[in-house]
Amino acid sequence: MKKLGCYSDGYNLFPGLHIIERYFLEKESPLAVSHLTLQELTQMLTHPSPDCHYVRCSANYSRQLLNTLSIQPENVSFLGIFDCLIYEGNQWLPRLNYFSYLRALFVKKFKYHKINNAVALICKANELPALISFVVGLGHQQILIFNESGTLDDFSHVLKHSIGTDLKIYKYSDLTQVNINTNLMINTIDLESHTNLLGDLAYFNFMVQGGVVMDLYSSTPVNPFLFEAEKADLSTMNRREVVSYYDYGTLLKLGLISSFEREKYFQLYSEIATID
């Protein structure tokens with residue numbers, strides 16, 4: 001039986017492996033997923049003779065582990081985050097593949113997206129550098145960051161990921177006062193626990209016609225935030241779309257499925273995700 005590892009803490013921008021595990025069960029081709037503790041993962045990293053060759057990590061835990069990894073790809077070192085560990089050449093190497101898949105899916109779905117307006121980011125601090133890098137990579141030069149305080153503790157760290165961009169930071173409570181044309185909004189936090197913020201966002205007062213709203217947090221079939229966005233004639237992308245595409249690319253890269261399974265994969269994956 002093939003085996004993958006997962007080191008996560010509930011919801012995270014980078015998903016766990018439970019839907020992948022269910023997918024292979026439905027195929028009657030079991031793939032075991034081992035949910036690792038910090039002690040178990042540390043043991044794997046210090047004594048590289050693992051029984052699995054891929055470990056999915058949450059954003060929070062990846063930052064904790066980064067200093068223990070002597071070899072880091074440039075994007076991992078620069079952004080201070082990774083989404084998985086892959087066993088190659090008798091050693092564990094951190095990789096950040098999530099945003100490559102996100103970019104590929106975004107470009108495919110929104111091929112006529114315009115970059116001359118601002119981007120609004122509502123996210124956790126540890127995800128911010130990578131999301132800034134993502135939108136700058138799309139070509140955007142103006143970024144609006146929303147958080148509870150309206151400030152950033154480590155502003156210099158964020159600035160190095162946004163050279164040449166116009167960066168502005170706002171409190172959640174100031175959101176309805178913003179008067180800057182924005183055509184991309186990305187959310188990665190639990191809006192249902194921020195009811196006032198959700199209510200203010202639903203006005204989409206600073207979004208331009210034809211803009212894109214992405215919710216990378218909620219995996220529920222009915223998403224009130226995106227429902228309101230669609231009522232406002234905005235295009236949307238939900239977490240389930242991104243996660244299924246990301247997992248598909250991962251499984252292809254690991255050689256666990258073939259491209260001939262694509263249609264079956266997305267159909268079955270969607271059914272499993274709906275049940276979960």
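**A helix and its surroundings**

Modeller: This is a predicted model. In H10, the buried residues are Arg 239, Arg 240, Val 242, Val 243, Ser 244, Tyr 245, Tyr 246, Asp 247, Tyr 248, Gly 249, Thr 250 and Leu 251.

Colleague: Why is H10 described as largely enclosed by the rest of the structure?

Modeller: Of the 15 residues of H10, 12 are buried, so the helix is largely enclosed by the rest of the structure.

Colleague: Which residues does H10 cover, and how far does it reach?

Modeller: Helix H10 takes in residues 239-253. From its first C-alpha to its last it reaches 21 Å, close to the 21 Å expected at 1.5 Å a residue.

Colleague: Which residue caps the N-terminal end of H10?

Modeller: Asn 238 does, with a side-chain oxygen 3.1 Å from the backbone nitrogen of Arg 240. Just after H10, Gly 255 has a positive phi of about 75 degrees.

Colleague: How do the lining residues divide by class?

Modeller: The lining of the largest pocket has 14 nonpolar, 10 polar and 7 charged residues.

Colleague: And what is the volume of the largest cavity?

Modeller: The largest cavity has a volume of about 40 Å³. Its lining consists of Tyr 54, Cys 84, Ile 86, Asn 97, Thr 250, Lys 253 and Leu 254. Strand S4 (84-88) and H10 are the elements that give two or more residues to this lining.

Colleague: A new topic: how many aromatic pairs are there in the whole structure?

Modeller: A search finds 19 aromatic pairs. In one of them, the ring centres of Phe 99 and Phe 134 are 6.5 Å apart and the planes are at 45 degrees, so the pair is tilted.

Colleague: Where in the chain do Phe 99 and Phe 134 sit?

Modeller: Phe 99 is in helix H5 (residues 98-109) and Phe 134 in helix H6 (residues 128-138). They are 35 residues apart, and the pair links distant parts of the chain.

Colleague: Are these two residues buried or exposed?

Modeller: Phe 99 and Phe 134 are both buried. Ring pairs also link them into a cluster with Phe 14, Tyr 98, Tyr 101, Phe 106, Phe 110 and Tyr 246.

Definitions and conventions:
Residues are numbered from 1 along each chain as its sequence is written. This is a predicted model: local features need pLDDT of at least 70, side-chain atom pairs count only at pLDDT 80 or more; totals for chains, interfaces and linings use all residues. Side-chain values use heavy atoms; hydrogens and water are left out. Rings of Phe, Tyr and Trp (its six-membered ring) pair if their centres lie within 6.5 Å; planes under 30 degrees apart count as stacked, over 60 as edge-to-face and the rest as tilted. Helices (H or I, at least four residues) and strands (E, at least two) are DSSP runs, numbered from the N terminus. Buried means under 20% relative accessible area, exposed over 50%, partly exposed in between (1.4 Å probe, protein chains only). The expected span of a helix is 1.5 Å times one less than its number of residues. A polar contact is a pair of N or O atoms within 3.5 Å; within protein, one must be able to donate a hydrogen and the other to accept it, and residues adjacent in sequence count only if both atoms are side-chain atoms. Ala, Val, Leu, Ile, Met, Phe, Trp, Tyr, Cys and Pro count as nonpolar, Asp, Glu, Lys and Arg as charged, and the others, Gly among them, as polar. On a 1 Å grid over the protein atoms alone, a cavity is a set of points where a 1.4 Å probe fits but cannot get out, and a pocket is an open set with protein on both sides within 12 Å along at least five of seven lines; lining residues have an atom within 4 Å of a point. Grid points are joined across faces, edges and corners, and a volume is the space filled by probe spheres set on the points.
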